[in-house]
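Please read them with the coordinates open.

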Amino acid sequence: MTSEKKIADKPNSPKSSGYGILICQLLVFLTGVGWALFYSVNKLDETHVPGFLISLAVAWWLTPEIRQRALNLGLVDKPGEDRRIHKVAVPRLGGVGIYMSFILTMTALAAITGRFPQDARSVEGGLGIAVGGTLIFVLGLIDDLESLPAKVKLLVQILAATAAYSLGVRIRSIPIPNNMDIDLGFIHLVGGMPIELGLLSWPITILWLVGVANAVNLIDGMDGLAAGVSLISALTIWSVSLAPSIDKPYAGLMAAVLAGALLGFLRWNFNPARIFLGDSGAYLVGFILAAISITGVIKGAAAATVIVPTALLVLLILFFPLLDTTWAIVRRAAKGKSVFEPDAQHIHHRLLKAGLSQKNTAYLIYSVSALLGLLATFFVGQQIYFLQLGGSVLCMALFFALVLNRSRNKRKMTSNEVYGQNDSDDAPPAASSAPLAPPPTPPTPPTPPTPLPPLPSGEPAQ
């Protein structure tokens, strides 16, 4: 029996483990579809959990496929700059998987329930997010393929945000809680009366959409950081948007679908990362988070009944990317540098320089983001729901780490025993691709002695 046959017969062989992962992905997908068909019939606003599961399964399956194609095309992020942490070339087209998972899942849910109501399209920003998100995703994808000037990127981001604004994603006013009545002379807040923005609505909305999109891109400098923090933010918006005082289920649905896509992607992006978000993914995720924070939190139908301004909830939800971006702008401006000039002084860089590993740095920032998210949900009475969502996601993440990663490591060890070194995460190299040992070098024959020159005529030999 050949060595390849022996590996295929083992329970932890690459082939059997690959089938096991595929079965897990299929079960998650079918659970989501079945839930939507039988428990959320004709009720798109009740498909949050199915949307999360379907998007998770699609991103989980699609991401390694995109990774392999990016490797084949040489579309990788190479190390070299001081601010770059990774030591090997890593594909950077993870945003393609996030975009496709989000769009396909939303389309599938609309088809299953047979409706995409007016509230979902305009009031809660579904159409604006689809159009603006597509524009900003294409911008990031082009930037991943061929670097674009900062001014061009900023212009296209403003155009994408303007498209979303024209389709209903806009901050018209800032709701004020009933119990807040403040008079400071230069500012007067009356409880229950929102602050109308008027002509400032467009610039403030554009600033928010573009700012958060770039903020998420700025923190995407370490394995799993941007995806993990964005996942926590999406779970928080999902929870807050379903609060009775907010009641924005379609924005919550989009947050749930985004959270599923990010968790499926994070399976391949956590340290050591095998694929990066890239600008296409970071811009897209930041844009969606910014948009649903407007339509699902700030524009809450009865937001004046909460105990804090909804704008404060949004700041808590997106605290880390906003803090890191604000600090980067202040730091660069103080040094007389362009705010677009990259550096290695972000919060995660400083934690790494302090001696923390990449994983511990990610865990620390995740924990802070989760605590702030818990605080935001507490203000609207959704802390239990948030803890339930967070606990479920944590269990899935542990399954990825303790079961799938362990299985993958066993596969690689088994493959190495037969084939030698194997860099693939999914299968051993073909037997024919293994390098052959060079043939032995034949012994060098002894060099014959150099003959003496002939003696001159008449000279006696010695």
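1. Val229 is buried in this predicted model.

2. The surroundings of Val229 come from elsewhere in the chain once neighbours within four places in sequence are set aside: Val229 is then in contact with Ile219, Phe320, Pro321, Ile365, Tyr366 and Ser369. A further pair to check is Val229 and Ile317, whose C-alpha atoms are 9.7 Å apart although 88 residues separate them in sequence.

3. Asp247 sits in the loop between H9 and H10. Its phi is positive, about 55°, and the residue is not a glycine. Most residues other than glycine have a negative phi.

4. Helix H10 spans residues 249-269, 21 residues in total. From first C-alpha to last, H10 reaches 29 Å, close to the 30 Å expected at 1.5 Å a residue. Of its 21 residues, 21 are buried, so H10 is largely enclosed by the rest of the structure.

5. The loop between H10 and H11 contains Pro272. The peptide bond joining Asn271 and Pro272 is cis, with omega about -5°. Most peptide bonds are trans.

6. How do H4 and H11 cross, and at what angle? Helix H4 (residues 94-113) and helix H11 (residues 278-298) have axes that come within 7 Å and cross at roughly 40°. That angle makes H4 oblique to H11. On the H4 side, Gly95, Val96, Ile98, Tyr99 and Phe102 take part; they meet Ser280, Gly281, Leu284, Val285 and Ile288 of H11. By class, the residues of this contact are 7 nonpolar, 3 polar and no charged.

7. H4 also packs with helix H3 (residues 48-73), at an angle of about 145° and with the axes 9 Å apart. The crossing of H3 past H4 is right-handed. H3 contributes Gly51, Ile54, Ser55, Val58, Ala59, Leu62 and Ile66 to the contact, while H4 contributes Val96, Gly97, Met100, Ser101, Thr105 and Leu109. The contact of H3 with H4 holds 8 nonpolar and 5 polar residues, with no charged ones.

Key. Residues numbered from 1 in each chain as written. Predicted model: local features only at pLDDT ≥ 70, side-chain atom pairs only at ≥ 80, totals over all residues. Heavy atoms only, no water. Helix = DSSP H or I, 4+ residues; strand = E, 2+ residues; numbered from the N terminus. Expected span 1.5 Å × (residues − 1). Buried < 20%, exposed > 50% of the residue type's maximum accessible area, 1.4 Å probe, protein only. Axes fitted to C-alpha atoms, helices over the stretch in contact; angles between N-to-C directions. Parallel < 35°, antiparallel > 145°, perpendicular 65-115°, else oblique. Contact = heavy atoms within 4.5 Å. Nonpolar A, V, L, I, M, F, W, Y, C, P; charged D, E, K, R; others polar. Left-handed = near helix turned anticlockwise from the far one by under 90°.
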